[in-house]
Amino acid sequence: MLNPEKLPFTSKIVPVIVITDASYAVDLAWALLAGGVDVMEITLRHPAGLESIQKVAVQVPKMCVAAGTVTTSQECRQAFDQGARLAFSPGVSHDLLHTATTHHLPLIPGVMTPSEVMQCREQGFRLLKFFPAAQAGGIPMLQALHGPFSDTQFCPTGGIHLSNMSSYLQLANVAMVGGSWLTPLPLLIDRQWSEITRLAQEASASI
Ligand code: 3PG
């Protein structure tokens, strides 16, 4: 189970990434590290996701590689088998929580309601993804959740970008934020690594 006080990375920003070709995953990891971002969430939305996780895990040990868009127990096990250090899911299911707790897999389950927070807390999860953050009520909703669930930390994702991330990070129950703005697909496809580094530096400097 992940302890929000002892995370295996230092960045407060988690890039949420769709990689369409595993051959550039390692270069992308180095570009993010150069910008001060030492965690990356590689989603399983594209078939290249699992291979990308494996390449980064083996070739860039300084990068904390996370799997994203993990929606089933099978995907969860596959991601950790490929070397993922943690996994994010967009929502919760009994099977997924059961697999993570039974096999001691560091999963950050996704929630958007108090009932889902309670379901996760019952299983011992204290670090949750708040998704989709903007649509689920954004900052006022996170503030409201802090009352009944003051021991629970969140990673809001969805609608977070450079101009609003600091407001989220100032909340007492926000451990980090996630977003796709650091890694736009056209930049990845064109292998614009210096621009990715610049976006990562810009975000790191804005906290
Ligand atoms: C996610 O997959 O976690 C979100 O879709 C990322 O949301 P964003 O594109 O609004 O940053």
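## Salt-bridge exercises

Arginine 191 is partly exposed, at 37% relative accessible area. This value, like the others here, comes from a predicted model.

**Exercise 1.** Classify aspartate 21 as buried, partly exposed or exposed.

*Solution.* Step 1: take its relative accessible area, 32%. Step 2: apply the cut-offs, under 20% for buried and over 50% for exposed. Step 3: aspartate 21 is therefore partly exposed, because 32% lies in between.

**Exercise 2.** Decide whether arginine 191 and aspartate 21 form a salt bridge, and locate both residues.

*Solution.* Step 1: the closest N and O atoms are 3.9 Å apart. Step 2: the cut-off is 4 Å, so the pair counts as a salt bridge. Step 3: arginine 191 sits in the loop between α8 and α9, and aspartate 21 in the loop between β1 and α1. The two are 170 residues apart, so the bridge links distant parts of the chain.

**Exercise 3.** Describe the pair arginine 126 and aspartate 151.

*Solution.* Step 1: their side chains meet in a salt bridge, 3.0 Å from N to O. Step 2: arginine 126 lies in the loop between α5 and β7, aspartate 151 in the loop between α6 and β8, 25 residues apart. Step 3: arginine 126 is partly exposed at 27%, and aspartate 151 is partly exposed at 35%.

**Exercise 4.** Find the helix that holds both glutamate 202 and arginine 198.

*Solution.* Step 1: the two form a salt bridge, with closest N and O atoms 3.6 Å apart. Step 3: glutamate 202 is partly exposed at 30%, as is arginine 198 at 38%.

Notes. Residues are numbered from 1 along each chain as its sequence is written. This is a predicted model: local features need pLDDT of at least 70, side-chain atom pairs count only at pLDDT 80 or more; totals for chains, interfaces and linings use all residues. Side-chain values use heavy atoms; hydrogens and water are left out. Helices (H or I, at least four residues) and strands (E, at least two) are DSSP runs, numbered from the N terminus. Buried means under 20% relative accessible area, exposed over 50%, partly exposed in between (1.4 Å probe, protein chains only).
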